Amino acid sequence: MIEIPDLAAGGLAAGTLSAFVLAGGLLSSRRRGARQQEEIAGLRSQVDAARAETGGVSRAYAAEVSHLAQRRVPAEATRAAHPHVQVPGPLHPDLAGTELGAGLDGVLDGVAAAVAQERKRVDAAARAGMRGATREIQAGLYRLQDQLRGLQQRYDDPELAQTLFALDHENEQSLRRAQVTAVVCGAWVGLAREESHLVDAVTGGQSRLVGYHRVRIHNHLETGTALVSHAVEPVAIIVAELLDNALRHSAPDTEVVVNLERAHHGVSVTIDDAGVGMSPDERAYAQRMVAGTEPILLSELGDPPRMGLAAIGQLTRQFDLSVDLSSPSPYGGVRAVLLVKNHLLSRIDPAQRPPAAAAPRSTRTAAEQPVPEAVPLAPEPVAAYDTGAITHEPAPDGDALPQRRRRARAALPAETAAAPARTPEESAAALGALQSGTAAARSAAPTEGNEPR
């Protein structure tokens, strides 16, 4: 029989044991809770760090996009017209080679392509408009030229002749500028000529200029060296523009020297001036323009546009000519060399068709001249408005004023036809008026300007 004290002691022991068990379970539970709290805190820290990192990346992306829109895209658009402009790089250089960096660069490439395409479209529209305008201007100047010629033939008064010659030469300046503008805009040269002596084409280009009397031409070619018909006017235009640059950029009391010489691949026309010369950058730009190998936009010609070199580039590309500006002149200025290749050359029998009376005679002796061959006369040119080759009428003091030698041309209106035949007395009076007017117009000829072409 169990005693009550023993029973109480057993119950107490069992209770104590249960308490220890419960205390151990509670302690384990608290420890697990603490570990869970630590794990939760760690996870929260990781989440907060991830959120902070994501926010930082987002802010970095936003900064790059803002930099692209505000700085890089405008600079890329400006560089299309001004190649010297530098486009800024990304704010974070470590983006190079990443997907984001490639995407940003792709935006710039797209902007550059779109701007270039739009510039070409606008330039083409501008060229078309200018072609139409210059065509109308040229037609009006040709009509004025014909009227002036008719007046020169009709009237004998020396003072009137002086005025007419001055107006004719001024009209030639306007016609030359309109023609150059049309060529730059993609128009044809506008004239149809027959085969001509090369020296006549060079002197024709010379006589289109203010200050033509400062040009000295030395002809070292064989007599009869000529140009095929379609090369006559392009050569005259190129020579005129090269001489214009030489005259404008050299002192009024200096000469521009032209040498015509035979070369292995054709004939060279070398123009030397004693002007200010060009810097290496200017020379490189000019050479790029006259080479004609790259398309030139009107917006690249400056303000006001410098059309001369651009027109030369168009003609060298169209007619397989070559112009070199890479070497300086021995006089300290610029040397320009026009090479007319053999396939553009021809020969005219000087006995049947001599050069213009005022054209420089060849420096070759009779022994050096080739034996002339029978060359048939060139056929009549197609009907077209032709300004004719300009020659020089000798004046008492040795200078010459540009005059025109008639060429075959389309039928003119009745009011511009030649005057009827005159009596010997009338012809003598006309000759005296011509000589007086020539001398007076030459002495009154203005000097050339200084603005660049």
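This is a predicted model: local features need pLDDT of at least 70, side-chain atom pairs count only at pLDDT 80 or more; totals for chains, interfaces and linings use all residues.
## Basis of the model

Local features require pLDDT of at least 70, side-chain atom pairs count only at pLDDT 80 or more, and totals for chains, interfaces and linings use all residues. Residues are numbered from 1 along each chain as its sequence is written, and side-chain values use heavy atoms, with hydrogens and water left out.

## Overall make-up

The protein chain contains eight helices and 10 strands; these are DSSP runs numbered from the N terminus, helices being H or I of at least four residues and strands E of at least two. Of its 453 residues, 38% are buried (under 20% relative accessible area, with exposed over 50% and partly exposed in between; 1.4 Å probe, protein chains only).

Contact means heavy atoms within 4.5 Å. Among contacts between residues at least 6 apart in sequence, 77% join residues at least 24 apart.

## The nonpolar core

The largest nonpolar core has 55 residues, of which L198, V258, L260 and L338 touch the most other members. Helix α5 (residues 229-248) gives the most to this core, with 11 residues. Such a core is a set of buried Ala, Val, Leu, Ile, Met, Phe, Trp, Tyr and Cys residues joined through side-chain atoms within 4.5 Å.

Not counting residues up to four places away in sequence, L260 touches L198, V199, V202, I217, H218, N219, H220, L221, S268 and V269.

## Two buried polar residues

N219, a residue of strand β2 (residues 215-219), counts as buried because its relative accessibility is 7%. A polar atom of the N219 side chain lies 3.1 Å from the backbone nitrogen of L221. Beyond four places in sequence, N219 is in contact with V199, L260, P360, R361, S362 and T363.

D272 lies in strand β5 (residues 266-272) and, at 3% relative accessibility, is likewise buried. The D272 side chain makes a polar contact with the side chain of R335 at 2.7 Å (a pair of N or O atoms within 3.5 Å; within protein, one must be able to donate a hydrogen and the other to accept it, and residues adjacent in sequence count only if both atoms are side-chain atoms).

## Helices α3 and α7

The axes of helix α3 (residues 158-184) and helix α7 (residues 307-319) come within 8 Å and cross at roughly 55°. Axes are lines fitted to C-alpha atoms, for helices over the stretch in contact, and angles run from 0 to 180 degrees between N-to-C directions. The contact involves V180, T181, V183 and V184 of α3 and M307, G308, A310, A311, Q314 and L315 of α7.
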